[in-house]
Amino acid sequence: MMVRPLLRSGEPKGVEALDLLKSDHRRFLRALGAMEASFLDPQRGSSIGIGNAARFFRAELEAHMKAEEGMLYPTLAFHAPTRAIFSSLKAEHALVRRHLCSLERALAEEGRGEIGEPALRGGRAFVRSFVHHIFTEEHVLFPLVEKLVNGSEREEIGKAIWALERGELSADTLTPGD
């Protein structure tokens, strides 16, 4: 079963789903690296800088994960011989979200200034869980998608992801296809 998004006109031609998701991963890894550098040198970093990074992830990460959960996973599930990987990936998404919430709570309690121990713990847990999840997608999920989902389906998903991440498509508008 292909999940067919209701697209607006004007989406780019030739957008491949995995290229978009991998591009997101590269942006996320750069931001995670900067965040981790602040944890290694708390005097150089601050709760304000870490808070800005957390806000970036809150905004960008949710659209990315909704794109995967709403479009990529259902399409692959139709083609895949087993569905076990999807419960694992969704659990990883939930863990990353929980760690981000813990970091945000710790930062809110600390206020402005130096990074306290609760924010450091929350931030390190967030970075670890998110890097692990990206690795799993890049080395397990994406090769599976390349093997099982044809190029035109990946391109259709890519157009939908492009629209979703730019706020032109709501996850609520996804409809089962044939």
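**A tour of helices and rings**

Start with α1 and α4, whose crossing is left-handed (the near helix is turned anticlockwise from the far one by less than a right angle). You are looking at a predicted model, in which local features need pLDDT of at least 70, side-chain atom pairs count only at pLDDT 80 or more, and totals for chains, interfaces and linings use all residues. Residues are numbered from 1 along each chain as its sequence is written, and side-chain values use heavy atoms, with hydrogens and water left out.

Select residues 17-40 for α1 and 117-148 for α4: their axes come within 10 Å and cross at roughly 155°. The two helices are therefore roughly antiparallel (angles over 145 degrees between N-to-C directions). Their contact has 16 nonpolar, 2 polar and 6 charged residues.

Next, colour the aromatic rings. The count comes to 8 aromatic pairs (ring centres of Phe, Tyr and Trp within 6.5 Å). Zoom in on Phe57 and Phe130, an edge-to-face pair (planes over 60 degrees apart) at 5.9 Å centre to centre and 85° between the planes. Phe57 sits in helix α2 (residues 47-79) and Phe130 in helix α4, 73 residues apart. Phe57 is buried (under 20% relative accessible area), with a value of 0%, and Phe130 is buried at 1%.

Finally, select Phe28, Phe56, Phe57, Phe126 and Phe130 together, a cluster linked by ring pairs.

Conventions. Axes fitted to C-alpha atoms, helices over the stretch in contact; angles between N-to-C directions. Helix = DSSP H or I, 4+ residues; strand = E, 2+ residues; numbered from the N terminus. Parallel < 35°, antiparallel > 145°, perpendicular 65-115°, else oblique. Nonpolar A, V, L, I, M, F, W, Y, C, P; charged D, E, K, R; others polar. Phe/Tyr/Trp six-rings, centres within 6.5 Å; stacked < 30°, edge-to-face > 60°. Buried < 20%, exposed > 50% of the residue type's maximum accessible area, 1.4 Å probe, protein only.
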